[in-house]
Each structure stands twice: as structure tokens, then as C-alpha cells.
Amino acid sequence: RRMTMMRRYIYIVLAALALSACRYDVDEILLTRSDISLTVKGELQMAFNENTCQLGYNSARNEFRVYDEKLSDWFILRCSTSPTTEGQELTADLEYTTRTDTKHIREAEFRVEKVSAEGLIWLWNKDRKIGIVVKSL
């Protein structure tokens with residue numbers, strides 16, 4: 001009887017772990033987005049609003065900037081090379097604001113998951129579960 005209870009407990013723990021691992025999937029977090037945005041571990045950090053935000057791009061630095069008018073919400077992505085092709089892998093530095101502070105991530109590995117005819121680029125960091133949609137200007 002005690003062994004049966006232990007098995008049930010193990011199955012419940014394994015099921016919970018499996019569900020939590022699937023929570024931050026590239027298809028769920030990134031590819032469902034159709035707007036310029038930054039999502040970290042399933043939590044939307046910022047989404048571009050054309051009425052209150054601005055975009056910037058520096059081709060010499062492969063740098064994408066998204067920020068609101070108050071400069072309270074923003075993110076900057078500096079890529080090692082210009083992201084242009086699906087399946088392309090690159091490193092990038094990311095800086096962004098949260099509700100309480102500013103985060104800096106250096107030399108993170110990203111994969112270009114999708115590129116649209118309108119210039120949108122979907123990038124995914126598998127290790128940190130970071131999804132970014134930027135626009136080539």
C-alpha cells in the first residue's frame with residue numbers, strides 16, 4: 001500500500017514537471033505574436049503600440065530599439081549579425097526594462113524562427129525562453 005502511494009506521488013511530480021517544461025515553448029510564446037514585442041519566460045515585457053512607442057534601427061551595429069514616449073518601457077537588441085534568414089543563429093546582447101528594474105543579458109544565443117514580407121523578424125532564445133519580435137526598417 002505504501003509503495004502504491006509512493007508511485008502515485010512520483011507520477012504527480014513527473015506530470016507537474018512535464019507541464020512546467022512545456023509552458024515556455026517557442027510556438028506558444030513567440031510564434032503566436034504578430035506584433036513587435038519582448039516576452040521572457042511567458043511574461044510579456046513590452047509590446048509595441050504605434051500611438052505611444054517608437055522604433056529605431058542602427059544597421060552599423062545591428063541594433064533594434066523599441067521604446068515608449070516616457071522612456072519607462074523599452075528594449076534594445078544588439079545582434080552579432082543582421083538577422084535575415086529563418087534558421088539563422090546569432091548572438092545578441094539584450095537590455096530591457098521590467099516593472100522594477102533594468103535587465104542586461106550578454107552574448108545570448110538566438111535563432112531566427114520566422115521572417116515576414118513586412119520585415120518582422122521572430123527571434124528565440126531556447127535556454128532563457130526569450131522571444132523577441134523586431135522589425136527591419
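A cavity is a set of grid points where a 1.4 Å probe fits but cannot get out. In this predicted model, a search of the whole structure turns up 1 cavity of 30 Å³ or more. The volume of the largest cavity is about 40 Å³. Its lining is made up of Leu55, Gly56, Phe64, Arg65, Val66, Val134, Lys135 and Leu137. By residue type, that lining divides into 5 nonpolar, 1 polar and 2 charged residues. Strand 3 (53–58), strand 4 and strand 9 each bring at least two residues to the lining of the largest cavity, and strand 4 gives the most, with 3 residues.

Next comes the nonpolar core. As a general rule, nonpolar side chains in soluble globular proteins tend to be buried together. Here, the largest nonpolar core has 28 residues. Phe75, Leu77, Leu94, Phe110 and Ile132 are the residues with the most contacts inside this core. At least two core residues come from each of strand 1 (37–40), strand 4 (63–68), strand 5 (74–79), strand 6 (89–97), strand 7 (102–115), strand 8 (120–125) and strand 9 (130–135). Strand 8 gives the most to the core, with 5 residues.

Strand 8 also holds Asn125. With a relative accessibility of 3%, Asn125 counts as buried, because buried means under 20%. Leaving aside residues up to four places away in sequence, Asn125 touches Ala108, Glu109, Phe110 and Ile130. One of these, Phe110, is among the residues with the most contacts inside the largest nonpolar core. A polar atom of the Asn125 side chain also lies 2.5 Å from the backbone nitrogen of Arg128.

Attention can now turn to the pockets. The largest pocket has a volume of about 150 Å³. Glu43, Leu44, Gln45, Asp73, Thr97, Thr98 and Arg99 form its lining, which divides into 1 nonpolar, 3 polar and 3 charged residues. The largest share of this lining, 3 residues, comes from strand 2 (residues 43–47).

Is Glu43 buried, exposed or partly exposed? Its relative accessibility is 38%, so Glu43 counts as partly exposed. Not counting residues up to four places away in sequence, Glu43 touches Leu38 and Arg99. Glu43 and Ile130 are 87 residues apart along the chain, and their C-alpha atoms are separated by 9.4 Å.

Most residues other than glycine have a negative phi. Asn62, however, is not a glycine and has a positive phi of about 50 degrees. Asn62 sits in the loop between strand 3 and strand 4, and at 12% relative accessibility it counts as buried. Lys129 likewise has a positive phi, near 60 degrees, in a residue other than glycine. Its place is the loop between strand 8 and strand 9. Lys129 has a relative accessible area of 21%, so it is partly exposed.

Note on methods
Residues numbered from 1 in each chain as written. Predicted model: local features only at pLDDT ≥ 70, side-chain atom pairs only at ≥ 80, totals over all residues. Heavy atoms only, no water. 1 Å grid on protein atoms, 1.4 Å probe; cavity = no way out; pocket = protein on both sides within 12 Å on 5 of 7 lines; lining within 4 Å. Points joined across faces, edges and corners; volume = space filled by probe spheres on them. Helix = DSSP H or I, 4+ residues; strand = E, 2+ residues; numbered from the N terminus. Nonpolar A, V, L, I, M, F, W, Y, C, P; charged D, E, K, R; others polar. Core = buried A, V, L, I, M, F, W, Y, C linked by side-chain atoms within 4.5 Å. Buried < 20%, exposed > 50% of the residue type's maximum accessible area, 1.4 Å probe, protein only. Contact = heavy atoms within 4.5 Å. Polar contact = N/O pair within 3.5 Å; in protein donor to acceptor, adjacent residues only side chain to side chain.
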